[in-house]
Amino acid sequence: MDITMVHILIPALPFLAFLVNGLLGARLIRDQAHWVATLAVAGSWVLSVMTLMDVLHGKTFYGNIYTWISSGGLDVSVGFSIDPLTAVMLIVVTTVSTLVHVYSVGYMHGERGYWRFYAYLSLFTFSMLMLVMSNNFVQLFFGWEAVGLCSYLLIGFYYDKEAAAVAGSKAFIVNRFGDFGFALGVFLVFLTFGSLDYRTVFAALSGWESPVVEVFGLEADLVTVIALLLFCGAVGKSAQIPLHVWLPDAMEGPTPVSALIHAATMVTAGVFLVARCNPLFNLSATAMSTVAIVGAITSLFAATIALVQNDIKRVVAYSTISQLGYMVLACGVGAYSAGIFHLYTHAFFKALLFLGAGSVIHAVHDQDIRNMGGLFKHMKITAITFWIASLSISGFPLLAGFFSKDEILWMAYASGGVQGKLLWLVGTLVALLTAFYSFRLIFLTFHGEFRGGHEKEHHLHESSPVITVPLIILCVGAVASGWVGLPPVFGMENQFAHFLQPVLGHPEAHGTHAEEWMVMGVSVAVGLLGIGAAWVLYGRRSDLPARLGALANGVPYRWLLNKYYVDELYNLVFIRATVAAARNVLVAVTDGAVIEGIVNGVPAMIGRISEKVRGLQTGVLHHYASIMAFGVLLLFAIVIGWGGG
Amino acid sequence: MTDLDSMIPNTLAYPILTVLTFLPIVGGLLLMLVPSSSHRLIRTSALGMTLLTFLLSLPLFTSFDKSTWMMQFTENRPWIEAWNINYSLGVDGISVLFVLLSTLVAILCVLISWTAIEQKVKEFHVAILIIEGAMIGVFCSLDLFLFYVFWEAMLIPMYLLIGIWGGPGRLYATIKFFLYTLVGSLLMLIGIITLYLKGGQTFSIPELMAQAPGFSVELQLTLWVAFFAAFAVKVPMFPVHTWLPDAHTEAPTAGSVILAAVLIKMGAYGFLRFSIPFFPGATQLMAVPMMALSVVAIVYGAVICYGQTDLKRLIAYSSVSHMGFVTLGIFALNTQGLEGGILQMLNHGVVTGGLFLMVGAVYERTHSREIAYYGGMARSLPVYAVFFMVLTLSAIGFPTTNGFIGEFLILLGGFARHKPLGVVAATGVILGAGYMLWLYRRVFFQETSENVSALQDLTGREIVAVLPMLIFVFWIGLYPNAFLGFMHASVEHLIAQVGQAEETLTLAQVLMGR
């Protein structure tokens with residue numbers, strides 16, 4: 001069916017809110033900015049729910065509304081395509097965004113630039129919606145860059161803080177590395193299929209034989225090259241190795257931003273991209289394996305770092321990277337709907353973890369969990385919802401995270417071969433680590449004695465309802481959102497996978513019911529094991545962590561604490577090397593000594609010669625004039641002599 | 001194809017191109033009659049003159065026939081009949097937008113200099129007006145001789161602009177600018193004379209477009225190199241770019257804006273108007289080497305930005321990188337590349353012109369170009385910070401800004417023509433984001449420097465001077481077809497012209513004497 005006003009308004013409402021707050025916020029609206037922004041995004045939510053209802057009844061919508069760029073054979077439109085995948089994303093984005101808008105009324109109260117914050121939030125929501133609703137690669141890229149811009153602006157919201165300003169630029173620039181590959185992928189799509197519309201491109205794929213091309217001396221299927229280039233974009237946006245470094249630093253932004261952009265929505269755009277382009281990825285086993293392996297390594301890598309971090313937001317940030325790795329892994333084994341399912345449940349429990357962390361930070365005015373402890377009795381709603389979110393992410397039976405994580409692990413196991421088993425093993429190990437670090441955080445933050453001093457302890461109190469109500473709503477999601485995707489071994493069809501099947505297909509599972517129960521049992525067991533281990537280390541034997549940290553002279557601990565020194569490495573290889581090359585080679589040598597030397601040297605030399613020859617003392621211009629006259633004559637001779645022949 | 005076939009005479013009530021060219025020049029000469037001390041009258045008259053010129057140029061935008069590649073609004077009358085030189089003017093889809101850009105930029109230059117120029121006010125405005133007329137003449141000339149006259153005529157006031165109203169190092173900068181451009185110009189002059197002699201004793205550009213492609217590849221290549229010298233210096237392409245940072249840094253704001261917005265576009269325009277259609281055989285041979293040189297400029301210009309401490313110098317080097325995109329697109333010789341290249345010429349004028357206007361506005365307050373002098377200006381000058389952000393986003397090719405449309409088309413065209421070069425060129429988008437965001441952070445974020453904490457935000461006059469650039473950023477970014485539409489027919493024609501050339505030879509074969 002064709003696009004209607006309902007669909008156009010979904011992104012248009014937040015955009016209008018952005019314009020209103022952006023233009024009138026500073027002078028007129030100021031501390032009332034949340035009304036404009038929140039009402040707009042709530043409106044988008046209502047329209048998204050309406051759209052979901054339509055899509056659940058089997059309708060899809062497609063249409064172009066504007067011709068953006070025409071040049072030669074290239075035609076780029078602004079247009080929307082609403083299918084089950086988009087419908088799910090619309091719900092995720094507008095739900096979390098609305099709750100974050102409400103929460104921020106409390107969290108950002110009294111901040112300077114309050115209106116600016118809401119203007120950015122609206123712009124972000126608009127951009128994210130344009131991204132997921134797009135029907136072509138270029139509009140997707142617009143949304144992609146625009147969410148990146150909002151992320152940059154919001155990370156750097158406290159721009160006079162150097163760390164925040166640096167983190168904002170870092171996020172943008174690291175993402176540009178991914179965009180570089182993504183853009184080349186888009187070019188190749190256009191040169192191969194003559195179009196950048198999903199519909200045309202994906203239709204052209206059926207029955208298409210990918211030619212073999214040579215890339216830097218290696219032979220590869222064209223489709224593999226395209227898929228991997230597009231995947232570069234996903235690696236940047238979804239903070240996968242080796243472009244993960246920006247996300248932990250992004251925690252410099254206000255906490256509601258971390259929940260919305262850096263946990264629930266923007267960072268999942270990479271997963272969405274791979275799922276959206278599944279017809280392309282499915283044609284290349286090489287690309288699929290790469291995706292799966294990158295996802296698996298990222299999830300393990302980030303989980304190990306999360307074990308030892310002391311900043312409450314950084315723990316949750318590494319947890320996000322790790323969970324994003326799960327989603328990417330799912331896509332890599334062809335279980336796109338499992339990846340999207342985890343994206344959807346993760347949005348609830350991870351937004352909840354961040355907003356809960358925000359509530360804690362609001363109370364303690366500190367982010368270091370070493371200075372917390374015993375908060376449970378002071379802020380019960382925050383603590384209980386945080387507990388439930390942590391249980392959910394640890395895969396506690398029947399909670400949302402249990403179903404989505406289990407599906408990924410099962411699909412990895414059942415994807416067959418040694419690779420499948422290995423991916424499952426890694427995934428299971430990550431599940432263990434996840435449970436451990438999540439509950440390390442819980443025990444250090446909410447239990448034991450408060451370590452932040454008596455003075456502070458007096459002032460500890462639960463946050464206001466405008467903060468706790470969004471926590472409670474998200475908590476419902478963290479518990480129940482998984483119930484729409486019960487696994488087939490429970491005796492009924494997986495409704496979520498069924499809904500997405502027209503877009504994402506359904507991979508074949510190589511395994512028996514018994515194996516599926518085994519996989520589920522193991523993941524529950526390791527989850528409980530992790531929680532138990534955290535309880536022992538941080539609840540009972542508080543001497544153990546220090547002794548573990550001192551193992552092997554503390555080397556493993558320091559590597560984890562310093563995030564494997566990846567930032568230091570990049571700093572050296574990319575930033576310092578570029579600046580040093582610019583200063584010491586380009587400025588000093590090529591532009592300076594060589595080119596300037598010639599420009600200044602030749603006239604001076606000829607000048608000296610002419611002085612000797614003629615014994616004349618004239619100004620610099622004389623020298624120039626003399627070489628010119630000489631040169632003109634010489635060149636004239638050459639042109640006439642050689643060219644004329 | 002003869003001379004008149006490709007010319008659609010002007011049917012407007014006034015000879016528009018003559019008026020646009022000579023109104024500022026005559027106005028400038030009249031301004032000389034005003035007493036030197038009446039600064040206000042001088043400024044107002046100059047503003048009036050540029051505004052009038054701009055208004056009179058608007059029919060080019062509204063009445064231009066986008067369906068044809070032929071020269072429009074043409075005027076033609078004999079000038080020096082003994083040498084078959086004609087006073088011949090016209091515009092097509094390649095040049096028309098630059099005439100409009102010139103008339104717009106001139107207004108902004110007068111506005112931004114309103115309080116910045118206190119010395120020799122009259123002479124300054126005379127120079128600006130003469131430059132404006134000569135620039136328009138360059139873009140409208142359909143006679144090579146006439147073209148050369150305007151090309152040289154605009155340099156003289158430009159030297160004066162830098163040499164008289166420039167910064168402390170102005171003398172060195174002027175001499176270097178003079179040296180570079182004159183060497184290039186003289187080589188081109190030789191080329192023009194040779195063309196005249198070999199091409200049927202005519203200076204008519206449309207006629208030469210019919211004659212010159214018939215030359216032997218060797219002759220084409222020789223002439224190509226002669227023209228290349230002039231155009232490459234102007235663009236400027238690596239390695240003849242080192243005049244630009246000095247000229248930009250030392251020039252007064254209006255001078256930097258003219259340089260960035262219009263003057264350096266003339267090099268790229270020269271490739272489009274002369275090198276490609278006159279010498280299609282040589283162009284085919286040189287296309288890939290030119291793309292390679294462009295890619296070097298993109299990367300080199302971007303990396304060297306990381307070593308800069310001077311605000312204007314950084315923007316000047318970023319110009320080298322951005323103009324590398326322009327020439328890359330042009331020599332991709334396909335629709336997207338050429339249209340992207342032409343659009344990017346316009347974009348670069350808007351964005352870099354805008355950046356120099358902005359830097360000039362704050363330089364007038366602080367008299368410092370040191371990046372380290374600034375910091376935290378988002379707090380003390382919020383409007384200024386927002387304007388600068390928009391221009392920054394355009395410079396780094398953010399979608400919905402004009403920069404994105406240009407870079408996207410150029411990289412697509414370049415990648416289609418030569419994949420490895422396209423890949424290397426695309427690294428420019430990473431490097432560009434790096435130094436521009438670094439600059440933005442250093443100047444606008446972090447602790448507010450004491451130097452800027454009490455500065456006044458943009459004044460109404462300054463906002464009026466910069467706002468047109470911001471409007472163009474989004475106008476082109478959101479509705480590029482309004483501008484690409486001008487180009488389609490002319491670009492297709494250009495591709496047809498170059499496509500007829502024999503492609504069987506390689507550069508090596510020609511150089512080795514086949």
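**Exercise 1.** Determine how the residues lining the second largest cavity divide by class, and which helix contributes most.

*Solution.* Step 1: the lining comprises 10 nonpolar, four polar and two charged residues, where Ala, Val, Leu, Ile, Met, Phe, Trp, Tyr, Cys and Pro count as nonpolar, Asp, Glu, Lys and Arg as charged, and the others, Gly among them, as polar. Step 2: α21(B) provides the largest share, four residues. Step 3: the space in this cavity is about 160 Å³. Trp69(B), Met71(B), Asp92(B), Met209(B) and His493(B) are the closest to its centre among the 16 lining residues.

The model is predicted: local features need pLDDT of at least 70, side-chain atom pairs count only at pLDDT 80 or more, and totals for chains, interfaces and linings use all residues. Residues are numbered from 1 along each chain as its sequence is written, chains are lettered from A and ligands numbered from 1 in the order in which they are written, and side-chain values use heavy atoms, without hydrogens and water.

**Exercise 2.** Classify the packing of α9(B) against α12(B).

*Solution.* Step 1: residues 217-234 form α9(B) and residues 265-278 form α12(B); the angle is about 155 degrees and the axes lie 7 Å apart. Step 2: the two helices are therefore roughly antiparallel (over 145 degrees). Step 3: the contact (heavy atoms within 4.5 Å) includes Trp224(B) and Phe227(B) of α9(B) and Met266(B) and Phe271(B) of α12(B). Step 4: eight nonpolar, three polar and one charged residues make up this contact.

Notes
Axes fitted to C-alpha atoms, helices over the stretch in contact; angles between N-to-C directions. Parallel < 35°, antiparallel > 145°, perpendicular 65-115°, else oblique. 1 Å grid on protein atoms, 1.4 Å probe; cavity = no way out; pocket = protein on both sides within 12 Å on 5 of 7 lines; lining within 4 Å. Points joined across faces, edges and corners; volume = space filled by probe spheres on them.
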